[in-house]
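Visitor: I'd like to learn how to read a few features off a model like this. Could you walk me through it?

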Amino acid sequence: MTSTPAASRGTLLIINGPNLNLLGTREPEIYGRATLSDVEHLATAAAEAAGFGATCLQSNHEGALVDAIHAARGSAVGIIINAGAYTHTSVALRDAIAGVELPAVEVHISNVHQREEFRHHSYLSPVCTAVIVGAGVHGYELAVSVLDKALAPAQS
Ligand code: CA2
């Protein structure tokens with residue numbers, strides 16, 4: 001886990017799930033050549049440019065992801081999550097996101113709708129503010145932009 005210092009608009013929790021630690025090492029035709037470290041740096045830079053801090057976490061373990069989402073309550077103002085294959089299987093992650101009542105953006109590097117049928121369904125999408133698929137790693141920057149707007153003070 002990496003964290004930036006406290007920032008004026010609070011912290012975004014950036015979660016990557018199972019096998020995303022392998023980014024940039026295999027299957028570049030699907031996921032590109034950026035590494036997990038590259039992704040975390042670009043998402044953190046986008047968060048900082050918008051006035052947020054960032055905490056980045058990757059885990060291959062479903063329970064660790066649930067724990068991180070729970071810990072976001074009180075420590076983060078929004079969540080960006082690429083839950084990897086757990087997207088398509090995990091009621092536990094869906095319940096965790098719904099339970100913390102923070103705006104969450106679901107990101108997928110690949111266009112899951114152009115891939116196997118089992119990747120077309122997400123348990124998380126109904127409890128997320130927005131879903132970004134197929135934009136490559138730029139999707140994480142787009143997710144910051146969504147949270148930037150969602151967390152902006154209401155105009156009167
Ligand atoms: O497109 C995405 O971002 C996914 O969340 C990636 C998951 C996949 O299960 C989802 O359906 C879509 C898989 C991540 C595995 O990443 C690897 C990267 C390089 C080499 C092997 C796996």
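Visitor: Let's start with placing a residue: which loop holds Gly134?

Guide: This is a predicted model, so keep that in mind throughout. To place a residue, look for the elements on either side of it. Gly134 falls in the loop that runs from β6 (130–133) to α5 (138–150).

Visitor: How far apart are Gly134 and Gly99 in space?

Guide: Here you take two numbers, one along the chain and one through space. Gly134 and Gly99 are 35 residues apart in sequence, and their C-alpha atoms are 27 Å apart.

Visitor: Where is Cys128, and why does Cys128 count as buried?

Guide: Cys128 belongs to the loop between β5 (104–108) and β6. The cut-off for buried is under 20%. Cys128 counts as buried because its relative accessibility is 12%.

Visitor: What about Ser110, where does that one sit?

Guide: Ser110 is also in the loop between β5 and β6. With 8% relative accessibility, Ser110 counts as buried. Its side chain makes a polar contact of 2.9 Å with the side chain of Arg115.

Visitor: On to the ligand, then. How many residues surround the ligand, and which are the closest?

Guide: Start with the shell, then go to single atoms. There are 16 residues around the ligand, and the closest are Asn82, His88, Ile109, Ser110 and Arg119. By type, the shell splits into 7 nonpolar, 6 polar and 3 charged residues.

Visitor: Which polar atoms of His88, Ile109 and Ser110 lie by oxygen atoms of the ligand?

Guide: His88 places a polar side-chain atom 2.7 Å from a ligand oxygen. For Ile109, a polar backbone atom is 2.7 Å from an oxygen atom of the ligand. Ser110, whose side chain also contacts Arg115, has a polar side-chain atom 2.6 Å from a ligand oxygen.

Note on methods:
Residues are numbered from 1 along each chain as its sequence is written. This is a predicted model: local features need pLDDT of at least 70, side-chain atom pairs count only at pLDDT 80 or more; totals for chains, interfaces and linings use all residues. Side-chain values use heavy atoms; hydrogens and water are left out. A residue is near a molecule or strand if one of its heavy atoms lies within 4 Å of it. A polar contact is a pair of N or O atoms within 3.5 Å; within protein, one must be able to donate a hydrogen and the other to accept it, and residues adjacent in sequence count only if both atoms are side-chain atoms. Ala, Val, Leu, Ile, Met, Phe, Trp, Tyr, Cys and Pro count as nonpolar, Asp, Glu, Lys and Arg as charged, and the others, Gly among them, as polar. Helices (H or I, at least four residues) and strands (E, at least two) are DSSP runs, numbered from the N terminus. Buried means under 20% relative accessible area, exposed over 50%, partly exposed in between (1.4 Å probe, protein chains only).
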